[in-house]
Amino acid sequence: MSKIEIKNVSKIFGPKPERAFKMLEQGIPKNEVQAKTGLVVGVYDISIEIEKGEVFVIMGLSGSGKSTLQRLLNRLHEPTRGEIIIDGKDITKMDHNELIHFRRKAFSGMVFQNFAILPHRTVMGNVEFGLEIHGVDKEKRRKRAQEVIEIVGLQGYENSFPSELSGGMQQRVGLARGLAVDADILLMDEAFSALDPLIRREMQDELLELQSRMKKTIVFVTHDLDEAFKLGDRIAILKDGVMVQMGTAEEIITNPVDDYVTAFVEGLDRTGVFTAGTIMQPVKATAHVNDGLHTILHRIRRAGLSSMLLVDSQRILHGYLKAGEVAEEVKKESVDEKKKPHHSLIHSPETVHPDTHLTEVINLYSESTGPIAVVNDNNKLLGVIVRGAIIAALSKGYKPEDNGYTEQTGTEEKVS
Amino acid sequence: MFPFRIPIRDWISAAVDYLSTQFSVVFDSISNLVLFLVDNFKDGLLTLHPLVLIVVLGLITYRMAGWATAGVAVAGLFIVENIGLWVAFNETLALVLSAEVFVIAFGLPLGIFAAGSDRFNGIIRPLLDFMQTMPAFVYLIPAIMFFGLGLVPGVIATFVFAIPPLIRLTNLGIRQVPKELIEASDAFGATRAQKLFKVQMPVALPTVMAGVNQSIMLGLSMVVIAAMIGAGGLGAEVLRGIQRLEVGQGFEAGLAVVILAVILDRITAGFGQIKKPQ
Ligand SMILES: Nc1ncnc2c1ncn2[C@@H]1O[C@H](COP(=O)(O)OP(=O)(O)O)[C@@H](O)[C@H]1O
Ligand SMILES: [Mg+2]
């Protein structure tokens, strides 16, 4: 069972929404519906299942219905049609009291772009707010608030008022207020959009770090694709109230369904999205641990490489050899062709996991002189990273297929 | 022009007679409540030695408005005491405070209700606009019709005259609470009462206090006018000065009114800015 099931949900603003549905069912777009009927389409016929522990991002241009969709989840907006099932319960059927009760149980509140913290309360008072609403007694909520204040790094500011804090710190208060409550679902609406880029990135990193420990179910609204791809396990892209695409970052980048999504994807800072696995190249030639020095030199020369990875028959990576050093050695010991390379010739290369982000790969690349090998958890060689592929990935319109690479050919590449 | 006179005065008298006999219980209770409040405020203020009251008011003014204003207030209060207007001064203060009790008791809930209901706001708004365009002494007429002469109609007229800004500004303050703050509370599962007392009222407080300030200042101006129907206090001193053409006496009473106005204004203007102690 999914944590949140959104089933064919629509929200039309205005009286007699049936008029809008009739038109929408015929495929008439939102702006025409609005011109003809005066009804505003918030969202139309959206179905999503959000899993427990997932960061689900809702993305789209301003006015595309992101906030509306998010507010349907806790019924700050009443859905016009459809069902919303959270923890197995249909919230659209709840009466006022049940709803209040359910919100307390299921939601860690909301975090907003403009922070929406109480100006007359201190940091402590704000962080306590949710617990206070839930009727938690004073001593307990103090204690819990203090813990969360430390988690978000606001210790020392407990008695400050919001007006004395920077934007980033105010948003930490907003976040802490949600985290203080022991409920699973956290709703964040453009939570970092008002922060300047550096603080913003810092907050994103911290959110990811917190999430890896807390495992909340986060529904995050943003209009920024970089942010969406950085934070989202999955992303839904909305346009004029309709969901045009849903999937992981890679699915969306590699296969944008239409021009709208393509336009988004083109504006993307790709380093955060692509992984070593996406851009690695098949290994054209390797040396075998049982190969003698001459064989290895021959292979190196034929492949025209400056270095060569050394693997065993399981393709487990043992190291790499430098062309120059091998040639020197062969000159010295020309007698014994079968002699295997001395261990001083075998260097250990930089290795990355296929899930390693491109940003990190780039860092490694600029620091290392040898090859960068992509290996799995068992140190099995999957591919290599070459400079050209990094540059290609950073340029717009790149699709991984372009370099002829797929996972199979990478792992099953024959030693040539 | 016409052979007869339209008997408006007879109709009104009949109607007022009818109402005041039919609802005599209501009017009597209101009268008693007003008298009770005014008497208690007055007795409370006058049992204190003037020096004590001067110090207390001075400290409050200091807390709300700083040294300079507190200095002016204390000097003013000494002058009032010195020129023999101490009792009248405190009578007026008691009248203003009593009227303000009613203003707050009715104005706050009405303002809160107006903020929550566009329909009620739509009804009450033109009414408040109309009330503010009327000259102050017009309010005295219906008040004396039902309560006769004296301080009770004075307080009632003051109440009616002074309530609009509080309703208006309470309504405004609550409506100006950022939508996201309400959404955040709702998202935590706040009840209506929790939202009102933990979010809307505290956030609206500076605006509400501006309403209290305005209504007190309007109340003070009305209480002085209400001396015309026998409400007493400083207004009566001003009136006496005017009627007997004793310019100096009238001026002294006027000065005392100004001193009271400054003190009340500075104290209540400070309310809105108070922060919770750190
Ligand atoms: N309370 C409302 N009443 C009427 N229309 C609304 C309301 N809230 C949002 N809308 C409309 O619904 C559409 C989607 O808005 P919203 O969900 O806020 O978009 P986003 O968050 O993607 O910018 C917009 O056209 C907006 O004008
Ligand atoms: Mg929005």
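**Aromatic rings in a predicted model**

In chain B, ring pairs join B:Phe27, B:Phe146 and B:Phe147 into a cluster. The model is predicted, so local features need pLDDT of at least 70 and side-chain atom pairs count only at pLDDT 80 or more, while totals for chains, interfaces and linings use all residues. Residues are numbered from 1 along each chain as its sequence is written, chains are lettered from A in the order in which they are written, and side-chain values use heavy atoms, without hydrogens and water.

**Exercise 1.** State how many aromatic pairs the structure holds, and classify the pair of B:Phe27 and B:Phe147.

*Solution.*
1. Over all chains there are 13 aromatic pairs. Rings of Phe, Tyr and Trp (its six-membered ring) pair if their centres lie within 6.5 Å; planes under 30 degrees apart are stacked, over 60 edge-to-face, and the rest tilted.
2. The centres of B:Phe27 and B:Phe147 are 5.5 Å apart and the planes form 80 degrees, hence an edge-to-face pair.
3. B:Phe27 belongs to helix α2 (residues 24-47) and B:Phe147 to helix α7 (residues 140-147) of chain B, so the pair ties together parts 120 residues apart in sequence. Helices are DSSP runs (H or I, at least four residues), numbered from the N terminus.

**Exercise 2.** Determine whether B:Phe27 and B:Phe147 are buried or exposed.

*Solution.*
1. Buried means under 20% relative accessible area and exposed over 50%, with partly exposed in between (1.4 Å probe, protein chains only).
2. B:Phe27 has 16% relative accessibility and is therefore buried.
3. B:Phe147, at 14%, is buried.

Methods. Helices (H or I, at least four residues) and strands (E, at least two) are DSSP runs, numbered from the N terminus.
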